[in-house]
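Please look over the sequence and the structure shown here before reading on.

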Amino acid sequence: MLSLLIWLPIFGGLYVALLGSRVAPVHAERDAIAIAALTFIASLALWAGFDATRATMQYVELLPWIPALNVNYHLGVDGIALPLIVLTTFSTLLVILAAGASVHGRLAEYLGAFLVLAGLMIGVFAALDAILFYVFWEAMLIPMFLVIGVWGGPRRVYATIKFFLYTFLGSVLMLIALLWLYFQSGTFDILGMQQQPLSLDAQNLIFWAFLAAFAVKIPMWPVHTWLPDAHVEAPTGGSVVLAAIMLKMGGYGFLRFSLPITPDACRVWAPLMIALSLVAIVYVGLVALAQRDMKKLIAYSSISHMGFVTLGFFVVFAFATVPAAAHAADLALAGAMFQMISHGFISAAMFLCVGVLYDRMHSREISAYGGVINPMPRFAAFMLLFAMANAGLPGTSGFVGEFMVILAAFQVDFWIALLAATTLILGAAYTLWMYKRVAFGEVARPAVAALKDITPREHLVLTSLAAVVLLFGIWPAPIIDTSAASLHELVQQVARSKIP
Amino acid sequence: MTPVPAVSDVVNTASVSHLIIVFAPLLAAILAGLFQEALGRRGAHRVTIGAVGLSCLLSLKVFWDVVVLGGPVVDATVYTWAQLPGLAIEVGFLIDPLTATMMVVVTFVSLMVHIYTIGYMEEDPGYQRFFAYISLFTFSMLMLVMANNLMQLFFGWEAVGLVSYLLIGFWFRKPSAIHANLKAFLVNRVGDFGFLLGIAGVLMYTGSLHYAEIFARAGELTAIEVAPFGVPVTVATLVCICLFIGAMGKSAQVPLHVWLPDSMEGPTPISALIHAATMVTAGIFMVARLSPLFELSETALSFILVIGATTTLFMGLLGVVQHDIKRVVAYSTLSQLGYMTVALGASAYGAAIFHLVTHAFFKALLFLAAGSVIIGLHHEQDMRRMGGLWRVMPITWATSVVGTLALVGFPGFAGFYSKDAIIEAVNASPLWGSDYAAFAVLASVFVTSLYSFRLLFLVFHGQSRVDHHTLEHAHESPAVVTWPLVLLAIPSVVAGAVLAEPMLFGGYFGAALHVADGREPLHELAHHWHGWFSFLLHGFTTAPFWLMVGGAALAWFLFLARPKLPGRIAAGLRPVDRLLNEKYGFDRFNEAVLARGTHAMGTGLWGVGDVFVIDGMLVNGSARVVSLVASVVRHVQSGFLYHYAFAMIIGLLLLLVVFGRVTTPF
């Protein structure tokens, strides 16, 4: 089942890309939509068959790959990986549906790249072997680089290289840590690594090596500056996948590697990590306020929102060992996990909204717009909903994660919660101020007056996102229930010291 | 009237009618919003009025069962929002006398406003959208008042904020409207910031978000001391002040009041519904709902007293110098919200809710009457271009007189009972700050009377200053506008006399409101209470009555007898005039220091932190490295990365093989 989810889009994507030059773009698009839809349906079937009451890995596949090194083709999902896989297939389907309007030239290759990318990302979430994980982790960068490098904006080379340098440095350190762990434990099995006792010194080194990889991906302050540049230069689909899924790789890495493998080091460094998360929330929130480019603004907003993810991860260490406050640890992790999924929906929606405008006006500058609501009332209504979700309005999915993390953070320290809660003000300020300047007011210029409202295709894409944003805002239980058992297991895992 | 319900009198299931009360307006809002063309104008108002009317009828039934018949309290879960180990967050209803009262007020005023809107928004192209919004508001407000837990209260709280944002910016082409709605949302968010911290504190120390469980463990909040700001305070004080900051935002208390006057940019029906009768009283409702917590902290109650007293007096004074008819009523609303807040601070929660109810009726009436004048004069809002309108608009005039008498607390009218109760309660309060509050509420009686009669005289009496052309077309409003005025005028007269005894001294609220033992703010008043009529007669002999008469007389002298005098006084008292016209400088400070300062901070952090330090220096000039690499790469073309990544993976495998051979012992 997991293999199907990984290889269907990869081979399908290659098929679409290779055949693309020979068939009309419409046919390539039709094929790509079919493959993406099949993958999405398969992931829903995966979810339906998942037993959320168990914390163990499910749908496990284990085949020897390089027996000499004990490297296996080992796949499986738990309640942490599963929602991220469904998020991946969902976002990919939307990106493929939305691509037709914004990509001119080499559409088949573009669609193929996203399908391959989806397969590789599912591979990252499903891999239980460290080498397999690393291969997917690195391989997924290739289609992403291609997407930005071929279909990107004028400064795409600068952006791609910045992106590459940051992620490459991080990945190398992660690889060294994985190899070191292999020599300690004799296995590349990730679950086996999690059981490996380690001295605090060893844990510290491994923690920092992992941090280099995951902090860049999420991204955490101060290694975040590649993200706004990458977003600005990426085509709409690239931005959507980058924000909706790739950033979650960092979060997933923390949950799968850093927290369970180096719990004692995490406890030591938790204050620093909490501080960096708060910097992300407050400092980056302020920076977002100053942006004049819509994509940059949303990129900074992403970093600020991902601050809640890392905050949720590391406040856990303040009470994982205190039985009375154990439910706060569950609350924090559930909030962080939910925030990852919700941010996937909302950032995808925001970037798609910018894409809708960019396709029509070829500008991302806030000041190029004004009064968009007049020619595009439907679009403006959608954008307002997503803006409100981005500002964390209750009833939208954007509220749930932040709410839980703030509730949990208060139990660690009043000031942590206070600083985190500034997002209520800052998030609303930068998002709604942008919305005001873009959508409200009289029509600012003739180009705006000539705008056409969203097409049926765009309507479909935005409606799907609106539906999930509202559904999981009103009823977050499906996602929370899916991961609760696995996260609870993780809470107990990190509470145990691994120092021999 | 009602016996205090015992614990066993709690029903744990919600009935279908509770669900209909809440969701009928939501459904109507969705229909009217999504199917604007299909429904048309008539369809939109029929659907929404039908839904809100149904909601109102069923709310009256609930009120009858719970308050009049003393039926059991409902505390029921509708569904589980999130289930975590050790913590269930649920969505559900708590229906007790306090909730039932709010439900009736909300749905009744909303129904009146819906009907009125047919006339008021007749020519507006956004007709259906408007009905969708006010129905959505009704749903949100009902979720707020019917919640049985803090998460859902917060949902309703923010949802009404959203609708308020949408409605203030209803005319989204108007720069002042879209400035006002952003301001309203952000100032409210400052309050919500405190509110959320308060909720987090409640969860931490009681382990629950469910009211009943919170109150059961509330006592523990006084046992622990914390010092987040260096000063040791009990947890109860910290949590209650945080929660009250939320109330300050929503109920527009100084210094978070700045959004309410500007919210008058929205259409008048919503000024009546949202920014006078219901939403702005959510903060008052919340404190009353959480009275078992607030009773635990005298410090928090003193804080509430002082904030409320300041709002009452100083915002009332601003009402005296406004020229825009809606803004006068808006400042009056601020001042009256201050009264309610003061009552909360004095632990007279019953009096606060009593004033909330009477105020909802007479203030909605005054706003709708102001709206009637505005449409009668073809969207004229400046009182300097009104005058003598009582002949032209007799129904609007008569109902305005009723509303004004209720507002100033003329003996017998609704506001008289509720306001006198608050004044008495503050006098009886032993808390720090109560002397100041007692002075403020008394002085405000004079101020209220002054601005209220000023409005009445400037609009309806004296020489007409309406320009000739407008006057020719001026007319009384149609029946859909005047009927709601009449229907609101009735409770503005009788609600006080009917509700005073049960709400102030009877067991009206049952266990819904909690006052700590030994604190009996209305004890003295209860002593002198011999029924509403004798209280009415007694009302002619008290200090507040003469202050009220004094205010009315001064208004008559200044604005009818000697209309040139106010200008000369203003010229003579330049600094005072300036201070009032600048609204004490809150707006200027917020714009210049807070808004600009935050933006400048963002720009600074970006320019210095991100671009200069991180990109320029910290990562060893990563920007330079990047451009350097880029210049090399440009020659190799874009295939470079692709090859590189592949090379990396192959290299890794080779590395493994080599390492594996060397070090694998087996």
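Residues are numbered from 1 along each chain as its sequence is written, while chains are lettered from A and ligands numbered from 1 in the order in which they are written.

Q: Which element of chain B has the lowest mean pLDDT?
A: pLDDT is the predictor's confidence in each residue, from 0 to 100. Chain B has a mean of 87, with 91% of its residues at 70 or more. Among its elements (helices, H or I, of at least four residues and strands, E, of at least two, taken as DSSP runs and numbered from the N terminus), helix α11 (residues 282–289) has the highest mean, 95. The lowest, 56, belongs to α28(B).

Q: How many contacts beyond four places in sequence does the model have for residues 660–666 of chain B?
A: Two residues are in contact if their C-beta atoms, placed from the backbone, lie within 7 Å. Where pLDDT is low, the predicted coordinates should not be read in detail. Over residues 660–666 of chain B, pLDDT stays under 50, and the number of such contacts is 3.

Q: Which residue of β2(A) is the bridge partner of A:Q58?
A: Two strands pair if DSSP finds at least two bridges between them. Strand β1 (residues 58–66) of chain A pairs with β2(A) in the antiparallel sense over 6 bridges. Their hairpin has 4 residues between the strands, and A:N70 there takes a positive phi near 65°. In β2(A), the partner of A:Q58 is A:V77.

Q: Which strands are the edge strands of the open sheet in chain B?
A: The sheet has 3 strands in the order β1-β2-β3, with mixed pairing. Strand β2 (residues 73–84) of chain B runs antiparallel to β3(B), joined by 9 bridges. An edge strand here pairs on one side only, and the two are β1 (10–11) and β3 (87–95) of chain B.

Q: Why is A:P197 classed as exposed?
A: A:P197 is found in the loop between α8 (190–195) and α9 (200–217) of chain A. Leaving aside neighbours within four places in sequence, A:P197 is in contact with A:K498 and A:P500. A:P197 is exposed because the number of other C-beta atoms within 10 Å is 12.

Q: Which element gives the most to the side of chain B that touches chain A?
A: The contact takes 64 residues from chain A and 61 residues from chain B. Elements of chain B that each supply at least two residues include β2, α5 (150–168) and α6 (175–206). With 15 residues, the element that gives the most is α6(B).

Terms used
This is a predicted model: local features need pLDDT of at least 70, side-chain atom pairs count only at pLDDT 80 or more; totals for chains, interfaces and linings use all residues. A residue is buried if 20 or more other C-beta atoms lie within 10 Å of its own, exposed if 12 or fewer, and partly exposed in between; C-beta atoms are placed from the backbone.
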